[in-house]
Amino acid sequence: MIDLTQAPSLESLSPALERVFELAGKKVASIDAGYDESKGSPVFTVDGKYTTRGWTEWTEGFRYGIAILHFDATGDQNSLESGRNRTVEKMASHVSHIGVHDHGFNNLSTYGNLRRLMLEGRIPENEWERHFYELAIKVSGAVQAARWTERQGGGFIHSFNGPHSLFVDTIRSCRILMQAHQLGHVLMGEGDKPISLLERALLHIESTANFSVFYGEGRDIWDVPGRTTHEAIFNTKDGAYRCPNSQQGYTGFSTWTRGQAWAAVGFAEELEFLATLPDKALEPFGGRARWEALMLRAAIAIAENFIENTPADGISYWDQAGPNSHKLDLSKPADPFNEWEPVDSTASAITAQGLFRLSRYLRSKGDDGKADRYETAGLVTAGSLFREPYLSTDDAHQGLLLHSIYHHPNGWDNRPDPDKAPYGESSMWGDYHAMELAVYLQRLINGGPYLTYFA
């Protein structure tokens, strides 16, 4: 369980954040100078050097997004030009990619960040450039929404595994649909039928809340409140739910912590988005109260589960029920160098942002008790992430956040010591979300604009 008594103050994290940004600039420059672009998108490091190994090119936007966030934090023009130029040159195929569920990862990390910076006045206003970013977001949101499976009572954006597959990850991609809807866009279907991007996002969120998150209601004997499953399987003939499954976790009946992390930040960020909508926008879909209750229930269940099932320092192991998890002591800080189960620091970096966003939302509703609890858990986690052994301080290592796990069941992760679990490497999604968390916290400390895409 996370030790909530050991939380640093928000302001005390400022020197650590400055160190993160200093290191990030060096990592961006190192990758730009040394990575072989012909290999495809960098995914994770092996012996400290970024390499590629992926199911899809789902990490490319994170690479350029890190550079853009580095500019956001520091004003470094070299990082801005690196991220902006490569977004223009490299990201168009991701906007129209019909084969993946990752649009909210790739395209809001790039086009979305650049548009946000322009709206904030951080980069000069240029109407045509802004329209370029907005067009990319509109098209990306519509393409993502078209990847649709009807289920009994609703629907969902299906994963690259096929129309039967709902991934818990995809809830964070829903923000590209929400942003495109906010920009006035719709998906046009057969016979020129307009399809609401807001409705599709809401229905996908509902499917995730109902089938990917557990609430202790006896759905199976491992139905623990706040547990998540990576994949939910549906019969595409009749739209019926069939079973939980996992691609990257231990089993469908255990909690792969990075999947849980995507849900933690996804539900919290979508709650923030709902607050920007007028009541009349939600009335056709059952009204604000319905959707806020659905999302808040899932977000709180996940937050409580994370606190109860994560080591004292807020750093996650890769799965809550890996085969050797019984040998781990959650009352102590996580040990990334243990011989049984790998740590996945990226799950904590993603979840921490969800905890801070959920805390802010609850405080706006007057629930200071829960808000304090989740903010405290976020502070413990951030304090651990932004120092060694998780912060990569070696200039020769291209990663920023160490002890990231990609696909443990497939054995894809580097093992510097074959007698220990994989450790010591980084990933693009981990580095990106560490940066996004750091920028989020920097703005809270300095009183800057709240970090949001929904503007």
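Me: What do the buried residues of helix 3 pack against?
Reply: They pack, with heavy atoms within 4.5 Å, against helix 1, helix 2, helix 6 (108-119) and helix 7 (127-146). Helices here are DSSP runs (H or I, at least four residues), numbered from the N terminus. This is a predicted model, where local features need pLDDT of at least 70 and side-chain atom pairs count only at pLDDT 80 or more, while totals for chains, interfaces and linings use all residues. Residues are numbered from 1 along each chain, and side-chain values use heavy atoms, leaving out hydrogens and water.

Me: Which residues of helix 3 are buried?
Reply: Ser79, Leu80, Ser82, Gly83, Arg84, Arg86 and Thr87; buried means under 20% relative accessible area with a 1.4 Å probe, protein chains only.

Me: And what caps the N-terminal end of helix 3?
Reply: Asp76 does, with a side-chain oxygen 2.8 Å from the backbone nitrogen of Asn78.

Me: Switching topic: which helices each supply at least two residues of the lining of the second largest cavity?
Reply: Helix 3 (77-90) is one of them, along with helix 1 (14-34), helix 2 (60-74) and helix 15 (428-446). A cavity is a set of points on a 1 Å grid over the protein atoms alone where a 1.4 Å probe fits but cannot get out, and lining residues have an atom within 4 Å of a point.

Me: How many residues line the second largest cavity?
Reply: There are 15, and Val28, Ile31, Arg63, Ile66 and Met428 lie nearest its centre.

Me: What about the largest cavity, how many residues line that?
Reply: The largest cavity has 14 lining residues, with Trp55, Trp58, Phe160, Asp169 and Gln248 nearest its centre.

Terms used:
1 Å grid on protein atoms, 1.4 Å probe; cavity = no way out; pocket = protein on both sides within 12 Å on 5 of 7 lines; lining within 4 Å. Buried < 20%, exposed > 50% of the residue type's maximum accessible area, 1.4 Å probe, protein only. Polar contact = N/O pair within 3.5 Å; in protein donor to acceptor, adjacent residues only side chain to side chain.
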